[in-house]
Amino acid sequence: MSAVVAIMLVAACDPDLLHCLPVFHWDKTWMTVNECRQDRHHVAAIVDTRFDGKKTVMTDCRLYLDEHRAMPRPTPAITDGPALF
């Protein structure tokens, strides 16, 4: 299996976009950026729910070189992702 995976970066900011929590990656990987992009709306909805709709949630999918295979392997189903602060 390739060491290249797609990851989703997530930012949760105040509505004015001036104050944001640190950017984190979602606790899931995808085989391709396109597959990651298909899940963006669902992941953003989960994060938005965790902050009771009080944050503006932004996501971006990127390729990532996981040379040491430290990230979870791509799976077909969405997880609830990492615990948020």
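Reply: Start with the bonded cysteines. Numbered in sequence order along the protein chain, they pair 1-2, 3-4. This is a predicted model, where local features need pLDDT of at least 70 and side-chain atom pairs count only at pLDDT 80 or more, while totals for chains, interfaces and linings use all residues. Residues are numbered from 1 along each chain as its sequence is written, and side-chain values use heavy atoms, with hydrogens and water left out.

Me: Why is the link of Cys13 and Cys20 called a disulfide?

Reply: A disulfide is a pair of cysteine sulfur atoms within 2.5 Å. The sulfur atoms of Cys13 and Cys20 are 2.0 Å apart, so the pair qualifies. The link is right-handed, with 105 degrees about the S-S bond.

Me: What makes Cys36 and Cys61 a disulfide?

Reply: Their sulfur atoms are 2.1 Å apart, so this pair also meets the cut-off. With -80 degrees about the S-S bond, the link of Cys36 and Cys61 is left-handed. It joins distant parts of the chain: Cys36 in helix α1 (residues 33-50) and Cys61 in strand β3 (residues 56-65), 25 residues apart. Helices (H or I, at least four residues) and strands (E, at least two) are DSSP runs, numbered from the N terminus. The structure holds two disulfides.

Me: How do you know whether Cys13 and Cys20 are buried or partly exposed?

Reply: Buried means under 20% relative accessible area, exposed over 50%, and partly exposed in between (1.4 Å probe, protein chains only). Cys13 has 1%, so Cys13 is buried. Cys20 has 42%, so Cys20 is partly exposed.

Me: What does Cys36 touch?

Reply: Contact means heavy atoms within 4.5 Å. Not counting residues up to four places away in sequence, Cys36 touches Ala6, Ile7, Met8, Trp30 and Cys61.

Me: What makes a nonpolar core, and which residues have the most contacts inside the largest one?

Reply: A nonpolar core is a set of buried Ala, Val, Leu, Ile, Met, Phe, Trp, Tyr and Cys residues joined through side-chain atoms within 4.5 Å. The largest has 16 residues, and those with the most contacts inside it include Met8, Trp26, Cys36 and Val43. The elements giving two or more residues to this core are β1 (4-13), α1 and β3. Helix α1 gives the most, with six residues.

Me: Why is the meeting of Lys55 and Asp14 called a salt bridge?

Reply: A salt bridge is a side-chain nitrogen of Lys or Arg within 4 Å of a carboxyl oxygen of Asp or Glu. Lys55 and Asp14 meet at 2.7 Å, N to O, so the name applies. Lys55 lies in the loop between α1 and β3, and Asp14 in the loop between β1 and β2 (24-25), so the pair ties together parts that are 41 residues apart in sequence.

Me: What makes Lys28 and Asp39 a salt bridge?

Reply: Their N to O distance is 3.2 Å, so they fall within the limit. Lys28 is in the loop between β2 and α1, and Asp39 is in helix α1, eleven residues apart. Both Lys28 and Asp39 are buried.

Me: How many salt bridges does this rule give?

Reply: The count comes to three. Among them is the pair of Asp60 and Arg62, at 2.7 Å, N to O.
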